[in-house]
Amino acid sequence: MLQTGFNHWKTLYDVQQLLKHFGIFVYVGKRLWDIELMAIELDNLYKADAIDKQVFLSAKLVLTREHRIEEQYEAAKDI
């Protein structure tokens, strides 16, 4: 299990590296969809006890923030 000592998730890139550690590479082609798929993969890693709660929550916060930013960007683009 990947534990808190390996925990410095601050950017989307950091979360990508976390997923890469488990052999998970996400590229759908649209950033918003990539973030959503990364969140699903992160949920699966947590449910499988591959990562501890602190790692999960930290990475999930990053994904939530990035998702919100991307939604705002998409909305501004439509104006």
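User: What are H1 and H2 to each other, oblique or parallel?

Analyst: H1 and H2 are oblique to each other, in what is a predicted model. They pack at an angle of about 45°, with their axes 11 Å apart, and an angle counts as roughly parallel only under 35 degrees. The crossing of H1 and H2 is left-handed.

User: Which residues of H1 and H2 meet there?

Analyst: On the H1 side, the residues are Leu 12, Gln 16, Leu 18 and Leu 19, and they meet Arg 31, Ile 35, Met 38, Glu 41, Leu 42 and Leu 45 in H2.

User: OK, and H1 with H3, what angle do they cross at?

Analyst: The axes of H1 and H3 cross at roughly 135° and come within 9 Å. That angle makes H1 oblique to H3, since only angles over 145 degrees count as roughly antiparallel. The crossing of H1 and H3 is left-handed. From H1, the contact is made by Leu 12, Val 15 and Leu 18, and from H3 by Val 55, Ala 59, Val 62, Leu 63 and Glu 66.

User: Then the last pair: what is the angle between H2 and H3?

Analyst: H2 and H3 pack at about 165°, and their axes are 10 Å apart, so the two helices are roughly antiparallel to each other. The crossing of H2 and H3 is left-handed. The contact is made on the H2 side by Arg 31, Leu 32, Ile 35, Glu 36, Met 38, Ala 39, Leu 42, Asp 43 and Tyr 46, and on the H3 side by Lys 53, Phe 56, Ala 59, Lys 60, Leu 63, Glu 66, His 67, Glu 70 and Glu 71.

User: What span should H2 have, and what does the model give?

Analyst: With 17 residues, 31–47, and 1.5 Å a residue, H2 should span 24 Å, and its end C-alpha atoms are 24 Å apart, which agrees.

User: And for H3, what is the reach?

Analyst: H3 has 26 residues and reaches 37 Å from its first C-alpha to its last, which is close to the 38 Å expected at 1.5 Å a residue. Its buried residues are Val 55, Phe 56, Ser 58, Ala 59, Val 62, Leu 63, Glu 66, His 67, Glu 70 and Glu 74, and H1 and H2 are included in what covers them.

User: Back to H1, which residues are buried there?

Analyst: In H1 the buried residues are Leu 12, Asp 14, Val 15, Leu 18 and Leu 19. They cover an arc of only 160° around the axis, which puts them on the same side of H1. What covers the buried residues of H1 includes H2 and H3.

User: One more: where is Lys 10, and is it buried or exposed?

Analyst: Lys 10 sits in the segment before H1 and counts as exposed, at 59% relative accessibility. Leaving aside neighbours within four places in sequence, Lys 10 is in contact with Val 62 and Arg 65. The C-alpha atoms of Lys 10 and Leu 63 are separated by 9.6 Å, with the two residues 53 apart along the chain.

Notes. Residues numbered from 1 in each chain as written. Predicted model: local features only at pLDDT ≥ 70, side-chain atom pairs only at ≥ 80, totals over all residues. Heavy atoms only, no water. Helix = DSSP H or I, 4+ residues; strand = E, 2+ residues; numbered from the N terminus. Expected span 1.5 Å × (residues − 1). Axes fitted to C-alpha atoms, helices over the stretch in contact; angles between N-to-C directions. Parallel < 35°, antiparallel > 145°, perpendicular 65-115°, else oblique. Left-handed = near helix turned anticlockwise from the far one by under 90°. Contact = heavy atoms within 4.5 Å. Buried < 20%, exposed > 50% of the residue type's maximum accessible area, 1.4 Å probe, protein only. Arc of directions from axis to C-beta.
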